[in-house]
Amino acid sequence: MLNPHSDFPREEMDFLVLKNEKRRKRINIVVSRKGLVEKYVEEFFNNHHLNMIVEGKISGIKEFGLFVNLNPYVTALAPKSELSWDKKFDHTKVYNIGDKIKGVIVKLDKENKKVSISVKRLKNDPWEEVEKKFPVDSVVTGEVVDIFPFGFAIKLDEGIEGLVHESEIFWTGKGRIEDIVKVGDLVKVKVISIDKDRKKITLSYKQVLGDPWENIEEKINEGDIVDGQVEKLLPNGIIVKLGNNLTGFSHVSELSWNFVDNVEDLFNEGIKLKLKYCI
């Protein structure tokens, strides 16, 4: 039905002929645009079924998903949750109006004429073969996607993230995780365990680096001068953070040639200084 306030359409259009009758010297033809659309929509739902692959053009981008024109008369919804196996996937930054897209029909409501499609189901759930792709004890490369107070998360593949707990970051004590990695960094990690049912992977950062205390006597020599940073002040000395995840202890008797009554009078946590190895 035309809106009386709208411009009359000038382009060619198809119509469904409802009536064609001859009245005396005139032929009376009744057509319907709405009837034609309903006919094509009905044909679509009769000729399509669940799990069928369809292709369309994106006509709308919303926070909750995409609207996809499968033909001039049927528009499907591709929900955000069905666009990627990656839960953090941002479709608004990937797709544009007019892009062609393929999907699998996951909902076909003939009564209400609604269609939903899934893009991610064109590929298998990555967790189905996670143990084969990322076997335990293998060393893999991933992207740091989150940093927590207790560790950091690594993206290994679309929809697959693993956790590096703080106990698998530092060989000695604790430190600032932000000093080790940043979001966006590509790092090598070792796969410690896989819980396929709960979709959890435990990873180790420190095991790839190796234990810095292994064969320590071959790495440092007495008398070597190195850079360090004061990590903690103690009544009887200081703990110093060295390179390669090593920490050392300097006794109060080695802090100054003069008598030291209070360590805090000489040092503050975080200051950098040079030290000499004494084994």
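How many salt bridges does the structure hold? The structure holds 14 salt bridges, a salt bridge being a side-chain nitrogen of Lys or Arg within 4 Å of a carboxyl oxygen of Asp or Glu. The model is predicted, so that local features need pLDDT of at least 70 and side-chain atom pairs count only at pLDDT 80 or more, while totals for chains, interfaces and linings use all residues. Residues are numbered from 1 along each chain as its sequence is written, and side-chain values use heavy atoms, without hydrogens and water.

**First stop: helix H1**

Select Lys39 and Glu43, whose side chains meet in a salt bridge (2.9 Å, N to O). The two residues are four apart in helix H1 (residues 33-47), and are therefore separated by about one helical turn. Helices (H or I, at least four residues) and strands (E, at least two) are DSSP runs, numbered from the N terminus. Lys39 has a relative accessible area of 37% and is partly exposed; Glu43, at 33%, is also partly exposed. Here buried means under 20% relative accessible area, exposed over 50%, and partly exposed in between (1.4 Å probe, protein chains only).

Next, select Lys113 and Glu42, which form a salt bridge with the closest N and O atoms 3.7 Å apart. Lys113 lies in the loop between strand E6 (100-109) and strand E7 (114-118) and Glu42 in helix H1, so the pair ties together parts that are 71 residues apart in sequence.

Move on to Asp125 and Lys199, whose side chains meet in a salt bridge (3.5 Å, N to O). Asp125 is in the loop between E7 and helix H2 (130-133) and Lys199 in the loop between E11 and E12, 74 residues apart. Is Asp125 buried or exposed? Asp125 is buried, with a relative accessible area of 17%, whereas Lys199, at 41%, counts as partly exposed.

A nonpolar core is a set of buried Ala, Val, Leu, Ile, Met, Phe, Trp, Tyr and Cys residues joined through side-chain atoms within 4.5 Å. Select Phe152, Ile154, Leu156, Val164, Val187, Ile201 and Leu203: of the 21 residues in the largest nonpolar core, these touch the most other members. Strands E8 (139-148), E9 (151-157), E10 (160-165), E11 (186-195) and E12 (200-204) each give two or more residues to this core. The largest share, four residues, comes from E11.

**Last stop: Glu264**

Finally, select Glu264 in the loop between strand E15 (247-251) and strand E16 (272-276). Glu264 counts as exposed, at 54% relative accessibility.
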